Amino acid sequence: MQPSARCLSKPQSGALQCDADDKLAIVAIGRNEGARLVAALQSALASSSRVFYVDSGSTDGSVEACRKAGGIPIELDMSRAFTAARARNTGWRQVLAKHPGTHYVQFIDGDCALDPDWLATAVAYLESHNDVAVVFGRRKERFADATIYNKLCDMSWASPPGEVKYFGGDALVRVEALRRVEGYRDDLIAGEEPELAVRLRGAGWKIVCLDAPMTLHDADMHRFGQWWRRTVRTGYAYAQGAWIHGQGPSRHWVRETLRALLWGAALPMLMMLLTLLFGPIGLAPGLIYAMQGVRIWMHERKRLSSAGLYAVFTVLGKVPEAIGVLSFALDTVTSNKRALIEYK
């Protein structure tokens, strides 16, 4: 796809820069991302002169690093519990306070680097598709082969191009659409982008995945415990999303929540009960997990080069997902305000 007339090639680097500063801004968010943040800001500044960085209480000099790089730092008010959703809202609203004519905001996480050609492609698409609120492209792991956990992340980013239901942390969003639905929900500790997507689609907007490179992500996961906590967070997001929108027409994440409870809680508890009653033969229902793994492998083997690994961790992941679901239920009953579930 050719860039719009407002996007020009930078002669020094070859990167594409959007010339109309009243049209575009970039909002990065992060907390203690270190060198990853520097790479994120450098990649963003290569594509736009308006780069805002919202910091959530970093102690590694991230704010000063942003100033040195040439970005505009915003320090989140830490007297309130911080969330990625609140950071993103603070960022895009600050953009509009300084540049009210902004049409598009590119969100990126502080552990991602923006592809130099992405904004030209994405802006051109939004300018020719007025019914689309969000576009995103391919997010790839920078070090996908470093660990199996990075590899799992890389596979999870594989979204087929076309109109989709949800988007993630990196995306180009139309400001008009953000305003209409009043942005992200500040109180969500995870799953804020899919929740916003539900409201955008409910308001008549479309979300599109483009077959174009967008960002390089650095999951930096080296331990099983990191993967486990990240998957617990996924289960928590499923339950919270289903709690908010499960009764609506989208049935948002109801199926995912029920699957987590079935495979990650109900079946293990049944096996434990049967084992207590009948001895080792009570473990026989565990064969269902093996059958499920084979089914997932057969379904994904043409799409993913490591479909076996994906299948094993998809089945195993139902246990931490169930823990996340049950944690949300407990928090709801006890009115507990949980802090972020961080894995780095």
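This section describes a helix pair and a pocket in a predicted model.

Two packed helices are described by the angle between their axes and the distance between the axes. In the predicted structure, the axis of helix 1, spanning residues 35-45, comes within 10 Å of the axis of helix 2, spanning residues 62-69, and the two cross at roughly 30°. Because angles under 35 degrees count as roughly parallel, helix 1 is classed as roughly parallel to helix 2. The crossing of the two helices is right-handed. On the side of helix 1, the contact involves Leu37, Val38, Leu41 and Leu45, which meet Ser62, Ala65, Cys66 and Ala69 of helix 2. Classified by residue type, this contact of helix 1 with helix 2 comprises seven nonpolar residues and one polar residue, with no charged residues.

Attention then turns to open space in the model. Rolling a probe the size of a water molecule over the atoms shows where empty space is left. The second largest pocket holds about 460 Å³ of space. Its lining consists of 22 residues, of which Asp187, Gln240, Asn336, Lys337 and Arg338 are the closest to the pocket centre. At least two lining residues are supplied by each of helix 8 (224-245) and helix 12 (318-334). Helix 8 provides the largest share of the lining, with four residues. By class, the lining of the second largest pocket divides into nine nonpolar, five polar and eight charged residues.

Notes: Residues are numbered from 1 along each chain as its sequence is written. This is a predicted model: local features need pLDDT of at least 70, side-chain atom pairs count only at pLDDT 80 or more; totals for chains, interfaces and linings use all residues. Side-chain values use heavy atoms; hydrogens and water are left out. Axes are lines fitted to C-alpha atoms, for helices over the stretch in contact, and angles run from 0 to 180 degrees between N-to-C directions. Angles under 35 degrees count as roughly parallel, over 145 as roughly antiparallel, 65 to 115 as roughly perpendicular and the rest as oblique. A crossing is left-handed if the near helix is turned anticlockwise from the far one by less than a right angle, and right-handed if clockwise. Contact means heavy atoms within 4.5 Å. Ala, Val, Leu, Ile, Met, Phe, Trp, Tyr, Cys and Pro count as nonpolar, Asp, Glu, Lys and Arg as charged, and the others, Gly among them, as polar. On a 1 Å grid over the protein atoms alone, a cavity is a set of points where a 1.4 Å probe fits but cannot get out, and a pocket is an open set with protein on both sides within 12 Å along at least five of seven lines; lining residues have an atom within 4 Å of a point. Grid points are joined across faces, edges and corners, and a volume is the space filled by probe spheres set on the points.
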